Amino acid sequence: MLDISRILSSRDPGEKEFHQAVREVLESVAPVLERHPEYRREAVLERLIEPERVILFRVPWMDDHGQSRVNRGFRVEMNSAIGPYKGGLRFHPSVNLSILKFLAFEQVFKNSLTTLNMGAGQGGSDFDPKGKSDHEVMRFCQSFISELFRHIGPYTDIPEGDIGVGAREIGYLFGMYKKLRNEFTGVFTGKSLDWGGSLVRREATGFGLVYFAADMLAARNQSIAGKVCLVSGAGNVAQHTAEKLIEMGAKVVSLSDSSGYIYDEEGIDRGKLEFVKRLKNIRRARIEEYVDKYSQATFVERQSGLDYNPLWNLRADCAFPCATENEINAKDAVHLTANGIGLIAEGATMPSTPEAVKVFLDKGILYAPGKAANAGGVAVSGLEMAQNSMRLNWSQEEVDSRLKMTMKRIHRTCLDAAAEYGSPGNYLAGANIAGFLKVVNAMLDQGLV
Ligand code: NDP
């Protein structure tokens, strides 16, 4: 594996998030490579770490004061061995090539686990939608897609949302794409229900995450009902994770955004969650306002100097990180396990550092890596694509039951692959191995392309 590390550091220096994601998979698949020397002979790892295509472009747009602005746009088309490129768009000031390559690389294994035919990609921009008017966001989206439209299509590359890209942005992107192409196709997923979206897509990542956690607990004869749960983030994934946890009888005591976290010991109920949804999705305000409305709760502001996040030092049974990458470090992991956390299920992509993951695995607690546990979102995106192709809409029950089935299947697949390759009960090894096998076998079938 040394040669792969060498390639990474000489060809992609400084891409630390990408290196982190690759190293994690390399460690997991070592026993597979030992059993299958043909994979090394055919250089599948060298091929997997090199995107099939990277598109980088200028995004000029005008703000409300008539000032011209320029951002950078990206699309990383990572791997199309098992289907057209599929993955999110992220609009956040931290976006760079390393972040998008790590997200696209994770997406390869995640999409493979869904059992649907979806390759992997990821794109976005360093544009910050925070504090921008709807008109500014629309002008930015129109400029962004007026370049990207020539590289995507329903049989080529089908983007969806991620951080900073929700229903509003998908609407603006799709509208301009349709105008430029003069065709109405399922080129994006996460569309609104009235114009080609699927029921349950908006909720799918969070709902699927809780289904996966419930399956893990059931495998140990436990139930999610009555469990005290920490949730981080307050966006799409966090909101729907909290919603499903509440529905299944758990008690959600926290939410957060980039300014800090709120702790509500009494539990966030449906009414309080509705308040959060309005706060975040309509007023686009800060989570701190929760405590103005519910005064028994506390708000703890984020302190950039701290080397741990006090959110992960609260007492609870389960933790659902749903904000962003590397939000749990080793110190946080020690706090979580010392406080009796028995399950970590990742809604965000790569929210735990490698050192934190090691703490979880050493302590033997239930740990669900994001690429398995949050795959429900892209799985329902696959169902949205299927419905678009058939020009049909499935009912809420139909989509939800397919989502539940998919999460169960991924859960089983992870356990089986982990057991087969000598790490029984290790969901991380299982997810990486099962995701890897399907993609590399397809790559070998298709020759050196
Ligand atoms: P949203 O933009 O809807 O919400 C993101 C949330 O995380 C916000 O509360 C945001 O706070 C917070 N956040 C973002 N960046 C940071 C940061 N650097 N530090 C602290 N908090 C931060 O995004 P999603 O809910 O869609 O995505 C959240 C995570 O889930 C991401 O890791 C994404 O890759 C992953 N994911 C999403 C899927 C989906 O279907 N949407 C599918 C699979 C994975 P603030 O508002 O202050 O920025």
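User: Which residue takes a positive phi in the hairpin of β1 and β2?

Analyst: G66 does, with a phi near 80°. The hairpin has five residues between its strands. Note that this is a predicted model: local features need pLDDT of at least 70, side-chain atom pairs count only at pLDDT 80 or more, and totals for chains, interfaces and linings use all residues. Residues are numbered from 1 along each chain as its sequence is written.

User: What makes β1 and β2 a pair?

Analyst: Start with the elements. Helices (H or I, at least four residues) and strands (E, at least two) are DSSP runs, numbered from the N terminus. Two strands pair if DSSP finds at least two bridges between them. Ten bridges join β1 to β2, so the two strands count as paired. They run antiparallel.

User: Why do β1 and β5 count as edge strands?

Analyst: Look at the order of this open sheet of five strands: β1-β2-β4-β3-β5, with mixed pairing. β1 (53–62) and β5 (157–160) each have a single partner strand, so one side of each is left without a neighbour in the sheet. Neighbouring strands here are turned by 20° against each other on average, direction ignored.

User: Which strands stand at the edges of the sheet with parallel pairing?

Analyst: That sheet is also open and has five strands, in the order β7-β6-β11-β12-β13. β7 (251–252) and β13 (366–368) stand at its edges, because each has a single partner strand.

User: What makes β11 and β12 a pair?

Analyst: Two bridges connect β11 (residues 318–320) with β12 (residues 343–345), in the parallel sense. The rule needs at least two, so the pair qualifies. A319 stands opposite I344 in β12.

User: Which helices lie across strands of this sheet?

Analyst: Helix α8 (residues 201–219) lies across β11, β12 and β13. It runs at about 150° to β12. Helix α9 lies across β6 (228–231), β7 and β11, at about 170° to β6. Axes are lines fitted to C-alpha atoms, for helices over the stretch in contact, and angles run from 0 to 180 degrees between N-to-C directions.

User: Which residues come nearest to the ligand?

Analyst: G235, D257, S258, A348 and G377, out of 23 residues around it. A residue is near a molecule or strand if its C-beta atom, placed from the backbone, lies within 6 Å of it. Helix α9 (residues 236–247) gives the most to this shell, with three residues. Domain 1 and domain 2 each supply at least three.

User: How many residues of the shell are nonpolar, polar and charged?

Analyst: Seven are nonpolar, 14 polar and two charged. Here Ala, Val, Leu, Ile, Met, Phe, Trp, Tyr, Cys and Pro count as nonpolar, Asp, Glu, Lys and Arg as charged, and the others, Gly among them, as polar.

User: Where do the domain bounds fall?

Analyst: Domain 1 covers 2–183 and domain 2 covers 204–368. The bounds come from an automatic or database domain assignment. The domain centres, taken over C-alpha atoms, are 26 Å apart. The contact takes nine residues from domain 1 and six from domain 2. Residues are in contact if their C-beta atoms, placed from the backbone, lie within 7 Å. On the side of domain 1, α2 (16–35) and α5 (97–113) give two or more residues each. α2 gives the most, with four.

User: Is R286 buried, exposed or partly exposed?

Analyst: Buried means 20 or more other C-beta atoms within 10 Å of a residue's own, exposed means 12 or fewer, and partly exposed lies in between, with C-beta atoms placed from the backbone. R286 has 16, so it is partly exposed. R286 sits in the loop between α10 (270–282) and α11 (290–293). It touches D257 and S259, not counting residues up to four places away in sequence. The C-alpha atoms of R286 and S259 are 7.4 Å apart, across 27 residues of chain.

User: Why is N221 called exposed?

Analyst: N221 has 6 C-beta neighbours inside 10 Å, so it falls in the exposed class. N221 lies in the loop between α8 and β6. Its phi is positive, about 55°, although it is not a glycine.

User: Is A43 buried, exposed or partly exposed?

Analyst: A43 has 13 other C-beta atoms within 10 Å, so it is partly exposed. A43 lies in the loop between α3 (37–41) and α4 (44–48). Its phi is positive, about 55°, although A43 is not a glycine.

Definitions and conventions
Two residues are in contact if their C-beta atoms, placed from the backbone, lie within 7 Å.
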